[in-house]
Amino acid sequence: MRRKVIAGNWKMNMLPNETIQFIEDLAPLVKDTEHEVILCVPYTDLFYALLTAQNTNIKIGAQNMHFAESGAYTGEVSGKMLKSINVEYVIIGHSERRQYFNETDETVNKKVKAAFENGLKPIVCVGETLEQREAGKVEEIITNQTKLALEGLTNEQVENTIIAYEPIWAIGTGKTATKEDANDAVKAIRKKIAEIYGQNVADGVIIQYGGSVKSSNAKELFSMSDIDGALVGGASLKVEEFQKIIEFEK
Ligand code: PGA
């Protein structure tokens with residue numbers, strides 16, 4: 001059976017002192033969970049988060065990286081830099097990055113490859129707009145984004161990629177996809193991976209749902225056949241709420 005992975009995406013929130021406090025508070029509460037817990041924090045919090053999360057079962061991720069290893073890219077941070085301080089995960093291709101920072105399927109693919117070259121595990125986001133959903137194009141859009149994001153990876157790399165299905169209209173809006181719609185979308189992504197990389201790889205790859213996940217809807221979403229946890233934005237900023245999502249069975 002696939003494990004459940006609950007990842008927080010703090011976006012542009014939290015200062016170092018708040019980060020330290022958050023992790024100190026959360027760690028004892030989730031120390032016995034069998035699920036994987038990841039916090040993807042701003043660059044300026046990474047070092048503090050990594051130090052505070054040492055000897056806990058909380059893993060730390062970044063929210064973006066550049067695909068080049070180094071060079072004249074003012075303001076950017078490379079995979080090599082993230083790895084140098086022991087960051088483990090990195091979110092790639094979040095819809096906010098695609099929308100506000102011109103990320104394309106091509107740059108997403110370059111970043112995913114660079115993540116693996118630097119020993120980082122990517123959490124790759126895909127998802128449709130409301131317009132695309134209403135036009136009946138969900139499957140086409142998300143399977144194509146998935147295919148392009150993973151292009152050129154080995155089977156083993158694909159198995160080690162986490163995919164987050166995040167319908168754009170559900171992010172930060174309080175609107176969640178129904179559990180059936182979310183599961184259908186995740187299934188479609190898994191089917192596409194099976195077509196390209198084989199059923200074994202598809203059966204192993206973690207595919208999360210994201211978009212207004214909170215403690216009150218986590219259980220119904222996570223009990224679906226293909227949803228392997230969540231990428232959580234707003235609800236990951238409060239210890240108690242995030243803890244309840246991690247302990248969704250209770
Ligand atoms: P949300 O964000 O949970 O606040 O909707 C999810 C995300 O953007 O990853």
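Thr19, Phe22, Ile23, Leu26 and Ala27 are the buried residues of helix α1, where buried means under 20% relative accessible area, exposed over 50% and partly exposed in between (1.4 Å probe, protein chains only). Seen down the axis of α1, these residues fall within an arc of 120°, so they line one face of the helix; the arc is that of the directions from the helix axis to the C-beta atoms. The model described here is a predicted one, in which local features need pLDDT of at least 70 and side-chain atom pairs count only at pLDDT 80 or more, while totals for chains, interfaces and linings use all residues. Residues are numbered from 1 along each chain as its sequence is written, and side-chain values use heavy atoms, with hydrogens and water left out.

Helix α1 covers residues 16-29 and has 14 residues. From its first C-alpha to its last, α1 reaches 20 Å, close to the expected 20 Å, a value found as 1.5 Å times one less than the number of residues. Helices (H or I, at least four residues) and strands (E, at least two) are DSSP runs, numbered from the N terminus. The buried residues of α1 pack against β2 (36-40), α2 (43-53), β3 (58-62) and α12 (239-246), with contact meaning heavy atoms within 4.5 Å.

Asparagine 55 follows α2 and has a positive phi, near 65°.

The strands come next. Eight of them close into a barrel with parallel pairing, in the order β1-β2-β3-β4-β5-β6-β7-β8; two strands pair if DSSP finds at least two bridges between them. On average, neighbouring strands of this sheet are turned by 25° against each other, direction ignored. Helix α1 packs on the sheet by touching β2 and β3, and its direction makes about 145° with that of β3. Helix α12 also packs on the sheet, touching β1, β2 and β8, with its direction at about 155° to that of β1. For these angles, axes are lines fitted to C-alpha atoms, for helices over the stretch in contact, and angles run from 0 to 180 degrees between N-to-C directions.

Strand β8 (residues 229-232) shows the pairing in detail. Four bridges join β8 to β1 (residues 5-9) in the parallel sense; alanine 7 stands opposite leucine 231, and glycine 8 stands opposite valine 232. Strand β7 (residues 206-210) runs parallel to β8 and is joined to it by two bridges, with glycine 210 as the bridge partner of leucine 231. In a regular strand the side chains alternate between the two faces of the sheet. In β8, Gly229 and Leu231 point one way, Ala230 and Val232 the other way, and all are buried.

Two loop residues complete the picture. Most residues other than glycine have a negative phi. Serine 212, in the loop between β7 and α11, has a positive phi near 55° and is buried, with a relative accessible area of 16%. Asparagine 86 lies in the loop between α3 and β4 (89-92); its phi is also positive, at about 75°, but asparagine 86 counts as exposed at 59% relative accessibility.
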